[in-house]
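These are my notebook entries on one structure. I went through it topic by topic and wrote down what I looked up.

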Amino acid sequence: MTALARGENRPAPADRLTVTVHCSVAVDVSALLLGADGRVRSDGDFVFFNQPVAPGVVYRHGRGAGDMVDIQTSALPADVDKVAVTASLDGSGPATFAGVGTLVATIGSDAGTLTFPMDRLSTEAAVVCVEVYRRGDAWKVRAVGQGYDNGLAGLAAAFGVNIDDEPEPPVAPPQSTTPPPSQPMAPPAPPQPGFAQQQFLASRTAPTQGFTPPVSPPQPLASPPPHPPAQPYTPAPPPYQPAAAMPNFPASQGVPSVQSELFDPNHAEVSGFGIQKQGSKMIRVAVNGQTLARAGSMVAYQGDLHFKALGSGGIGRAIQQRLTGEGVPLMEVSGQGDLFLANAAADVHTVDLDGTDGLTINGANVLAFDSTLSYNIQRVQGAAGYASNAGFFNCVFTGRGRIAITTHGQPVVLNVDQPTYADPQAAVAWSSSLHTGIKRNDSFGFSRLIGRSTGEGLTLSFQGRGFVIVQPSELPPGGFIGGTGGGQEAGQSGGLLGGLLG
């Protein structure tokens with residue numbers, strides 16, 4: 001084994017190299033394929049945890065033994081001049097590499113091993129460990145050990161990665177001229193020119209002028225309807241017409257027919273276009289093209305559907321999710337058929353946005369949403385430094401479309417027509433136009449010094465015009481809602497300080 005000093009270069013030991021980064025704290029390892037100008041050719045040249053493969057380069061998780069980047073120089077594209085292997089702090093430990101005890105890069109091959117211990121790091125939060133670069137017809141290895149104070153995002157941007165990208169808008173699918181071979185779905189509703197902003201539960205959906213929203217089963221609430229900023233609240237539409245009851249199976253060859261209360265119409269599949277509630281803890285999505293859903297939330301489907309993992313939706317958002325802990329691990333479901341989604345038997349509700357205001361929500365409470373909606377990760381004003389379900393960062397959805405969310409128990413929708421306060425762990429979502437802050441309820445005195453408290457020391461405050469959705473649970477961050485998924489994989493935890501999802 002040969003040790004390298006900072007700035008030293010050596011011939012690459014072999015065509016196939018494995019760069020392993022060992023660190024005394026958790027780090028994210030990534031690689032960038034760079035052209036002669038020192039920049040990536042496209043975002044596909046950024047190899048990291050959410051995009052692990054590029055031509056000639058593969059990222060592998062070390063599972064506690066150091067993450068690895070496999071490089072085959074003969075498989076690299078001709079216009080790739082260099083591969084930079086980097087390490088960045090993941091936010092769970094020290095803020096800079098000055099507080100890190102050990103950071104070592106090892107370049108292994110069948111022909112020998114090179115090692116590069118990195119020291120004298122100070123304010124850097126991301127470091128270029130080594131470079132494998134082209135020199136004429138050969139390849140060489142350089143020990144770099146220099147970095148960036150603004151972490152993974154700053155490093156990626158410096159090499160030309162677009163960290164502010166949005167997923168490309170989906171192409172509208174052609175209208176099918178032939179009916180599906182199975183039972184036909186209910187005819188789609190007319191095109192949706194806009195959704196009423198304050199519609200929360202299906203039974204409270206308020207149609208805007210000229211628009212007939214999808215019909216859902218009513219779910220009455222004890223609270224008054226939310227106060228829309230632009231137009232008055234109107235009564236909810238009539239309840240949906242349930243599908244015909246599934247008949248009991250007839251007797252065959254002496255076998256008695258199947259009898260069960262499960263064949264009651266209340267358990268039958270609902271009808272309708274797009275996202276609809278299927279009972280209180282599940283949704284049915286009539287997919288005719290594309291929809292976006294929480295990864296691992298599928299519990300059943302019918303028809304010709306295809307599933308594709310999207311991470312958190314684009315490289316920029318994946319970096320944001322890694323830095324903030326907030327986001328929604330997504331899957332794209334395309335094709336034609338019926339999709340059923342759930343998340344750990346949590347209560348499900350639908351919210352329609354009409355484009356005039358957004359919805360701020362913890363990513364752990366997002367189940368599915370129309371592809372016409374977009375979302376970003378933003379800091380919660382006034383909540384910095386406080387662990388909560390509201391979190392340090394939340395997802396903000398904008399545009400026109402429907403989103404399905406989950407709560408732990410039957411929620412209340414508060415109309416913010418006066419200063420409103422909620423327990424930070426009970427506030428699920430609110431109008432993005434509201435101003436948020438933190439209010440201290442307990443006065444500081446001798447009782448607090450000796451450990452006495454009301455248990456309501458801090459509340460999240462809301463001012464402006466809009467609504468707040470509050471669940472009847474003060475689950476700790478990363479609790480039930482952010483825990484297991486309803487399908488094949490668990491939901492992630494999120495919120496840098498809030499321990500949220502997705």
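How many disulfides does a search of the whole structure find? I got zero disulfides, taking a disulfide as a pair of cysteine sulfur atoms within 2.5 Å. This is a predicted model, so I kept to its limits: local features need pLDDT of at least 70, side-chain atom pairs count only at pLDDT 80 or more, and totals for chains, interfaces and linings use all residues. Residues are numbered from 1 along each chain as its sequence is written, and side-chain values use heavy atoms, with hydrogens and water left out.

**Cysteines**

I looked at C23. Its sulfur has its closest cysteine sulfur in C129, at 8.8 Å, which is too far for a bond. I then checked burial, where buried means under 20% relative accessible area, exposed means over 50%, and partly exposed is in between (1.4 Å probe, protein chains only). C23 is partly exposed at 22%. C395 is buried, at 0%.

**Rings**

I counted rings of Phe, Tyr and Trp (its six-membered ring) as a pair if their centres lie within 6.5 Å; planes under 30 degrees apart are stacked, over 60 edge-to-face, and the rest tilted. By this rule I count five aromatic pairs. One of them is F46 with F48, which is stacked, with 4.6 Å centre to centre and 10° between the planes. Both F46 and F48 are buried.

I also looked for a charge over a ring: NZ of Lys or CZ of Arg within 6 Å of the ring centre and within 35 degrees of the ring normal. The charged end of R142 sits over the ring of Y133, 4.0 Å from the centre of that ring.

Next I traced strands and helices as DSSP runs, numbered from the N terminus: helices are H or I with at least four residues, strands E with at least two. Two strands pair if DSSP finds at least two bridges between them. Strands of a sheet pair through backbone hydrogen bonds, either parallel or antiparallel.

I found an open sheet of six strands in the order 2-13-12-9-4-5, with antiparallel pairing. Which strands are at the edge? They are strand 2 (9-11) and strand 5 (46-47), each pairing on one side only. Strand 5 is joined to strand 4 (residues 27-34) by two bridges, and the two run antiparallel. A31 has V47 of strand 5 as its bridge partner.

**Helix 1**

What does helix 1 (residues 151-158) lie across? I listed strand 4, strand 5, strand 9 (82-89), strand 12 (126-135) and strand 13 (138-148). Helix 1 runs at about 25° to strand 12. For that angle, axes are lines fitted to C-alpha atoms, for helices over the stretch in contact, and angles run from 0 to 180 degrees between N-to-C directions. Contact means heavy atoms within 4.5 Å.

Helix 1 is mostly covered, with six of its eight residues buried. These are G151, L152, A153, G154, L155 and A156. Just after helix 1, I noted G160 with a positive phi of about 95°.

**Strand 29**

Strand 29 (residues 466-470) has five of its five residues buried. In a regular strand the side chains alternate between the two faces of the sheet. Here G466, V468 and V470 point one way, F467 and I469 the other way, and all are buried.

I checked its partners. Strand 24 (residues 412-416) pairs with strand 29 over five bridges in the antiparallel sense. V416 stands opposite G466. Strand 26 (residues 427-431) is joined to strand 29 by three bridges, also antiparallel. There, A427 is bridged to V470.

**Single residues**

T20 is in strand 3 (residues 16-23). It counts as buried at 12% relative accessibility. Leaving aside neighbours within four places in sequence, T20 is in contact with A65, G66, D67, M68, V104, A105 and T106.

G101 is in the loop between strand 9 and strand 10 (103-109), and G101 is exposed at 67%. Its C-alpha is 9.9 Å from that of M118, 17 residues apart along the chain.

I also logged R120, not a glycine, with a positive phi of about 60°. R120 sits in the loop between strand 11 (112-117) and strand 12, and R120 is exposed at 66%. A345, again not a glycine, has a positive phi of about 60°. A345 sits in the loop between strand 17 (330-341) and strand 18 (347-354). At 48%, A345 is partly exposed.
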